[in-house]
Amino acid sequence: MPSSRPLRADARRNREALLSAARQAFLGGDADAHVEDIARSAGVAVGTLYRHFETREALIEEVYRKEVDALCAAPGDLLDQHPPEEALRRFLLLLVDHAAVGKGMSAVLESIMATDSPVFDTARTRMADALSLLLEAGSAAGTVRADVTGSTLLRALGGICGMRATEGWLIEARQITGLLFDGLRHGAPRAA
């Protein structure tokens with residue numbers, strides 16, 4: 001189990017290499033990727049993998065957590081670069097792309113769904129909070145309706161992205177997300 005002490009530079013490099021190799025394997029749809037293969041791909045011994053991640057499931061959780069971290073860091077940057085309405089539109093599309101990433105990881109994520117891991121609940125809460133931030137900014141600017149919460153919007157996106165098993169789902173999901181975005185603007189105080 002990793003300690004709370006900061007990692008040495010070489011240990012940090014090894015951990016990042018392991019996460020990168022696991023991400024590549026899992027997103028590539030290799031649900032059966034063995035820890036030995038991941039360690040080899042990262043250029044480290046399997047013992048190094050187990051020093052950083054007690055189990056394969058712990059590695060999977062951390063790969064997913066890093067995906068969510070990157071996603072949930074986006075709203076602040078988007079608001080710095082774009083008006084609130086555009087920041088929200090872009091983030092909605094990032095969430096659809098995240099679902100596409102989740103599709104590649106779905107088989108490996110199933111292995112932690114049966115555990116007591118809070119990783120999915122935490123991810124949903126963080127994504128809903130990120131959406132709330134953007135919705136509040138859009139509402140304050142008068143470009144987005146104020147009666148929709150981040151968790152409600154996340155549920156709507158979950159419905160849109162739930163069709164991942166169908167051919168061409170990503171194109172359709174982006175189109176439907178555009179319709180959802182238009183609906184968020186309808187009824188806004190300054191909406192034309």
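Helices α6 and α7 are roughly perpendicular to each other (65 to 115 degrees; under 35 would be roughly parallel, over 145 roughly antiparallel, and the rest oblique). This is a predicted model, in which local features need pLDDT of at least 70 and side-chain atom pairs count only at pLDDT 80 or more, while totals for chains, interfaces and linings use all residues. Residues are numbered from 1 along each chain as its sequence is written, and side-chain values use heavy atoms, with hydrogens and water left out.

**Overall layout**
- The chain has eight helices and zero strands, where helices are DSSP runs of H or I with at least four residues and strands are runs of E with at least two, numbered from the N terminus.
- Of the 192 residues in the chain, 38% are buried, meaning under 20% relative accessible area with a 1.4 Å probe and protein chains only; exposed is over 50%, and partly exposed is in between.
- Among contacts (heavy atoms within 4.5 Å) with a separation of 6 or more, 71% join residues 24 or more positions apart.

**Where α6 meets α7**
- Helix α6 (residues 119-141) packs on helix α7 (residues 150-161) at an angle of about 115°, and their axes are 7 Å apart.
- Those axes are lines fitted to C-alpha atoms over the stretch in contact, with angles from 0 to 180 degrees between N-to-C directions.
- From α6, the residues R124, M127, A128, L131, S132 and L135 meet G150, S151, L153, L154 and L157 of α7.
- The residues of this contact divide into seven nonpolar, three polar and one charged; Ala, Val, Leu, Ile, Met, Phe, Trp, Tyr, Cys and Pro count as nonpolar, Asp, Glu, Lys and Arg as charged, and the others, Gly among them, as polar.

**The nonpolar core**
- The largest nonpolar core has 51 residues, and F26, I38, Y64, L88, F91, M127 and L131 have the most contacts inside it.
- Such a core is a set of buried Ala, Val, Leu, Ile, Met, Phe, Trp, Tyr and Cys residues joined through side-chain atoms within 4.5 Å.
- Beyond its neighbours within four places in sequence, L88 touches L131, L134, L135, V144, L153, F181 and L184.

**Two residues to look at**
- T177 lies in helix α8 (residues 169-185) and counts as buried because its relative accessibility is 2%.
- Leaving aside neighbours within four places in sequence, T177 is in contact with L92, L93, V96, L157 and I160.
- E57 is found in helix α4 (residues 56-81) and is partly exposed, at a relative accessible area of 28%.
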